[in-house]
Amino acid sequence: MSIKRLYIIGNGFDMHHDIESSYKKFKEWLEANQDKYNALYLIENHFHIDSEFWCDFENNLSKFNVADFSEMEAREYYPDFSSDHFAREIDAAAYQSGLDFEMITKEIQTAFQDWIHDLNQPDYNKKIILNKKDSYFINFNYTKTLENLYRIPSANICHIHGCVDSDEAFILGHGNVISANKARAAYPKLPNDCETKEQIEAFYQDNYDPIYDDVVETTVHHVNTLLRKDVEGIIANNFYTFERLCNLEEIHIYGWAFSSVDIPYLIEIIKRNDTSKLKWFISWFNEKDKENAISFLDTYNIDSSLINFIRLTELMDQGQLTLF
């Protein structure tokens with residue numbers, strides 16, 4: 001199949017069809033199912049939660065409280081230096097903290113996947129008109145709205161982060177790389193009377209704790225792996241899919257938020273195409289959506305005359321727009 005038209009489908013597409021798939025709904029689902037899942041308790045106790053946390057839940061998985069978790073784990077599994085076997089226990093804290101972190105990750109992952117499987121069905125009356133001819137779809141959602149509601153053949157869809165029908169775990173996570181230095185600086189705190197370079201060096205030398213430091217290193221590693229999307233690896237695993245997207249005439253972006261963690265996928269597509277002729281159709285819900293899209297496209301010198309902002313409700317009422 002010669003692919004002329006690419007659809008990039010994000011969560012706003014499912015939400016347009018009245019699927020309750022926002023992250024705030026995930027929080028509500030966790031609150032309603034606290035007797036079955038421990039995920040909400042773990043999230044609220046191990047992440048830096050603010051008023052915006054649930055609005056961007058995936059990216060905010062990078063806000064794991066490394067310092068507090070590491071202090072707790074180091075204290076829990078600290079070796080007994082009076083023991084004859086303390087040498088064998090020296091790595092116990094880092095090892096056990098890794099196991100505890102994996103448990104937290106698994107609890108969140110399990111609850112998230114069960115929530116996705118529990119989502120309501122799309123509203124048929126909210127269907128929009130999609131041009132299926134010579135089209136391919138990259139779906140960032142885990143649902144099968146495209147297959148079940150629009151009858152798009154599965155061969156024409158790439159579920160880039162997993163699908164409800166797959167036995168594999170969904171790909172969920174942030175796009176940041178965090179450093180251990182911040183956690184180290186948080187514990188112990190530097191006293192106010194440490195002012196000179198010599199005083200600061202002496203303080204950290206006296207207070208350096210290799211057990212705590214090992215736990216910090218282990219925890220940061222897990223935040224950067226178990227809670228982070230390996231976008232480069234995902235692109236490599238889908239190499240032949242991206243190779244096919246090289247002679248596009250149109251890109252339709254529906255309900256996709258131009259989130260920093262997912263931008264590399266779009267960059268990979270841009271690299272393979274002549275953007276001087278490529279037409280863009282981008283749905284928007286609020287002004288921030290437009291700003292995010294314009295900011296990105298400006299970076300790649302996309303001619304504004306090639307960009308058309310639309311609402312999904314317009315495609316519902318008027319059919320597929322053709323403005324060029």
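pLDDT is the predictor's confidence in each residue, from 0 to 100, and over this protein its mean is 90, with 89% of the residues reaching 70 or more. This is a predicted model, in which local features need pLDDT of at least 70 and side-chain atom pairs count only at pLDDT 80 or more, while totals for chains, interfaces and linings use all residues. Residues are numbered from 1 along each chain as its sequence is written, and side-chain values use heavy atoms, with hydrogens and water left out.

**View 1. The stretch 319-324, where pLDDT stays under 50.** For these residues the model has 21 contacts (heavy atoms within 4.5 Å) beyond four places in sequence. Where pLDDT is low, the predicted coordinates should not be read in detail.

View 2. Among the 44 lining residues, N11, G12, M15, G255 and A257 are the closest to the centre of the pocket. A pocket here is an open set of points on a 1 Å grid over the protein atoms alone, where a 1.4 Å probe fits, with protein on both sides within 12 Å along at least five of seven lines, and lining residues have an atom within 4 Å of a point. Helix α1 gives the most to this lining, with 5 residues, where helices are DSSP runs of H or I of at least four residues and strands are runs of E of at least two, numbered from the N terminus.

**View 3. The salt bridge between D18 and K126, at 3.2 Å from N to O.** D18 lies in the loop between α1 and α2 and K126 in the loop between α6 and β2, so the pair ties together parts that are 108 residues apart in sequence. A salt bridge is a side-chain nitrogen of Lys or Arg within 4 Å of a carboxyl oxygen of Asp or Glu, and the structure holds 12 of them. D18 is partly exposed at 38% relative accessibility, a class that lies between buried (under 20% relative accessible area) and exposed (over 50%), with a 1.4 Å probe and protein chains only.

**View 4. The salt bridge between E243 and R272, at 2.9 Å from N to O.** This pair links distant parts of the chain, with E243 in helix α12 and R272 in the loop between α13 and β5, 29 residues apart. E243 is partly exposed, with a relative accessible area of 37%, whereas R272 is buried at 19%. Salt bridges that share partners join E243, E268, K271 and R272 into one network.
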